[in-house]
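The entries follow in the order I made them.

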Amino acid sequence: MRPSNCLLEPGFFRRSLGEFQRFAKLGMTPSLVRALVRSCVIRQRDRHTADDFHSYPATTLESIRVPMTPYHLLDFTDPETITICKTMSDADMGGFSKAQLDQVPGTASGPAHMRFYGSISIDLPPNRPHIQRSGYAAWRNKDRGPTLFGKSLWDVDPYLYLALRFKSDGRKYFVNVQTESIVHTDIHQHRLYSRRPREWETVFLRWADFVRTNHGEVVEPQNEMMRQKVRTLGIGLTDRVPGPFELCVANLWTTNRMDDVDAYGDEGPTSDSFKK
């Protein structure tokens, strides 16, 4: 029996075409993007908003422009996106937490989205004395296949923000980012704050605010994230509070502007909003 097309992950040529279309839309090669952004923008990104980009002239690379349109990373309004994601929990080590992903169609009250749900248990597995802690669940995209341009990785270096359209139950979730770093178990994390639990909202997180961790612990030195080589994106729940959980996610995208929310809903807070 041959599976239907809607259940198949994007193939080699489709992934390659997507990368080519992205480069063509930007009108530049990845190396030229990084050269301009690093020399004119990155030094100032912690002190300036995206609107300041227009004040930086490109005197020697005038045909190059900083991308001001959103770059879609995971769009769960497309039912195929959920097929390239997977769940993880302490059940992988014999624990009793449960995690599932479901695709939910759009309605008059909300967009089509991915539903991440299950239950957290802190009970330790029997006959495994080396396991001293349990009670977590997470999801992320699977490693993507190669393209004509090489390994499938997201290059988010030209962008300031990671944006999410989501609906939370108010529990303590973290956004997780894996890159092609030397230490493959390193994860860069940022707390996913919700101001309106059980309502749809949009949040903008600065890439510069993500914290390097390893096995749940902050590690030093806090090396800058390899934003040119992002492997996976996901969200984890680590509050270790027993009971059910539910998080709905419609979109994850990266952008240099905070006025592109019209396509996704209301404008949400930035990561700076929670430092005041």
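The model is predicted.

Entry one, Arg171. I asked: is Arg171 buried or exposed? Its relative accessible area is 14%, so Arg171 is buried. I then looked up its partner. The side chain of Arg171 meets that of Asp239 in a salt bridge, at 2.8 Å from N to O. I checked where the two residues sit. Arg171 lies in the loop between strand S6 (161-168) and strand S7 (173-179), and Asp239 in the loop between strand S12 (230-237) and strand S13 (243-255). The pair therefore ties together parts that are 68 residues apart in sequence.

Entry two, the other salt bridges. How many salt bridges does a search of the whole structure find? I got ten. I noted the background too: side chains of opposite charge can pair when their charged atoms come close. I went through two further pairs.

- Asp143 and Arg140 join their side chains in a salt bridge of 3.9 Å, N to O. Asp143 is partly exposed at 43% relative accessibility, whereas Arg140 is buried at 13%.
- Glu199 and Arg196 form a salt bridge of 3.3 Å, N to O. Glu199 has a relative accessible area of 43% and is partly exposed. Arg196 is partly exposed as well, with 30%.

I then looked for shared partners. Salt bridges of that kind join Arg140, Asp143, Lys151, Glu180 and Arg231 into one network.

Where is Asn214 placed? I found Asn214 in strand S10, which spans residues 211-214. I read its relative accessible area as 16%, so Asn214 counts as buried. Its side chain makes a polar contact of 3.4 Å with the side chain of His215. Next I listed contacts, leaving aside neighbours within four places in sequence. Asn214 is then in contact with Val183, Thr185, Asp186 and Val219.

How many disulfides does a search of the whole structure find? I got zero. I looked up the burial of two cysteines, Cys85 and Cys248. Cys85 is buried, at 8% relative accessibility. Cys248 is buried too, at 3%.

I went back to the buried arginines I had looked up. Arg171 stands at 14% and Arg140 at 13%. Arg171 pairs with Asp239, and Arg140 with Asp143.

Key
Residues numbered from 1 in each chain as written. Predicted model: local features only at pLDDT ≥ 70, side-chain atom pairs only at ≥ 80, totals over all residues. Heavy atoms only, no water. Helix = DSSP H or I, 4+ residues; strand = E, 2+ residues; numbered from the N terminus. Buried < 20%, exposed > 50% of the residue type's maximum accessible area, 1.4 Å probe, protein only. Polar contact = N/O pair within 3.5 Å; in protein donor to acceptor, adjacent residues only side chain to side chain. Contact = heavy atoms within 4.5 Å. Disulfide = S-S within 2.5 Å. Salt bridge = Lys/Arg side-chain N within 4 Å of Asp/Glu carboxyl O.
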